[in-house]
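Please keep the sequence and the model in view while reading.

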Amino acid sequence: MTTIDTTAITAVLPEAFDERWSRLPGIQVDGRRITIDPAEYFFRFESSTWLVADWELVKSRLLEVEETTESAVEQLALDFIREHARSTLDAARVLATAYEVYAYLFREEHLASLGLPQITAEHLRMLREAATLMALNKVELDGHISNVGPCWFFPAATSVVFDLDDAMGGLLDEVYHGGWFNEHRRIESIKAHAALGGRLVHGCQSVPDQSGGVVAPYGASMANFRDDLAHFKAGWMGQVYAHRASDRPAA
């Protein structure tokens with residue numbers, strides 16, 4: 001039987017995170033230092049290993065490579081992962097790598113072309129923080145979802161932490177998984193997520209169905225992924241919303 005390491009995860013990231021992340025169980029934020037207690041933070045924590053590749057290598061070897069008629073961008077990413085990704089027990093490294101991935105994907109230069117004037121640089125910061133924490137979630141090759149934390153349920157988690165109403169939370173979610181990733185953004189996303197050992201997949205079609213997203217390995221069974229997600233989605237998402245300021249019992 002495999003023993004899962006539930007030692008506290010501590011990471012010091014380049015940017016100070018919002019201290020309101022501490023509203024969620026099992027996570028404490030002190031400036032750039034984030035501490036996560038896996039036993040309290042995760043709804044399901046069955047794996048303490050992740051696949052990562054060096055972000056600097058992704059930048060120098062993959063981001064500028066163009067796909068061809070013989071080699072699609074997905075194949076480029078898969079080949080890169082096979083050659084350069086390594087399994088790690090270091091969750092802090094996963095968070096540090098994820099921060100670099102999402103600092104790149106949610107950079108301010110894209111705001112002008114997004115077509116959503118309501119979305120500001122501050123909203124991009126929210127996206128970077130939530131997506132960084134999301135990287136600790138995990139899907140196995142057989143499609144089983146082994147790690148599930150609050151940031152699986154993206155609008156729910158951001159509504160708790162950032163006091164977003166349903167409309168803005170939903171809009172932010174659309175930016176995260178929909179309108180932001182037009183074809184140009186999608187290609188960027190596939191390349192960048194090679195640093196996290198896979199590709200970003202979503203369990204939902206749109207905001208009303210919010211079923212979250214995860215970086216899944218290439219070849220993972222999406223049918224099993226969908227079925228596993230359907231079993232836990234409603235109950236765990238409700239537990240996240242219960243920590244929203246408007247839903248918390250009065251002191």
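Helix α4 (residues 91-105) and helix α6 (residues 121-134) pack at an angle of about 140°, with their axes 8 Å apart. This is a predicted model, in which local features need pLDDT of at least 70 and side-chain atom pairs count only at pLDDT 80 or more, while totals for chains, interfaces and linings use all residues. Residues are numbered from 1 along each chain as its sequence is written, and side-chain values use heavy atoms, with hydrogens and water left out.

**Packing of the two helices**

- Helices here are DSSP runs of H or I with at least four residues, strands are runs of E with at least two, and both are numbered from the N terminus.
- The axes are lines fitted to C-alpha atoms, for helices over the stretch in contact, and angles run from 0 to 180 degrees between N-to-C directions.
- α4 and α6 are therefore oblique to each other, a word for angles that are not under 35 degrees (roughly parallel), over 145 (roughly antiparallel) or 65 to 115 (roughly perpendicular).
- In the contact, which means heavy atoms within 4.5 Å, α4 contributes L95, A98, Y99, Y102 and A103, and α6 contributes R128, A131, T132, L133 and M134.
- These contact residues divide into eight nonpolar, one polar and one charged, where Ala, Val, Leu, Ile, Met, Phe, Trp, Tyr, Cys and Pro count as nonpolar, Asp, Glu, Lys and Arg as charged, and the others, Gly among them, as polar.

**Salt bridges**

- Side chains of opposite charge can pair when their charged atoms come close.
- With a salt bridge defined as a side-chain nitrogen of Lys or Arg within 4 Å of a carboxyl oxygen of Asp or Glu, the count comes to 18 salt bridges.
- One of them joins D163 and R20, at 3.1 Å from N to O.
- D163 lies in the loop between α7 (154-162) and α8 (166-177) and R20 in the loop between β1 (9-12) and β2 (27-30), so this pair ties together parts that are 143 residues apart in sequence.
- D163 and R20 also belong to a network of salt bridges that links D18, R20, R23, E122, R125, E129 and D163.
- E56 and K59 form another salt bridge, with their closest N and O atoms 3.4 Å apart, and both lie in helix α2 (residues 55-61), three residues apart, about one turn of the helix.

**Exposure of a paired residue**

- R44, whose side chain meets that of E46 in a salt bridge (3.9 Å, N to O), is buried, with a relative accessible area of 16%.
- E46 counts as partly exposed at 38% relative accessibility, since buried means under 20% relative accessible area, exposed over 50% and partly exposed in between (1.4 Å probe, protein chains only).
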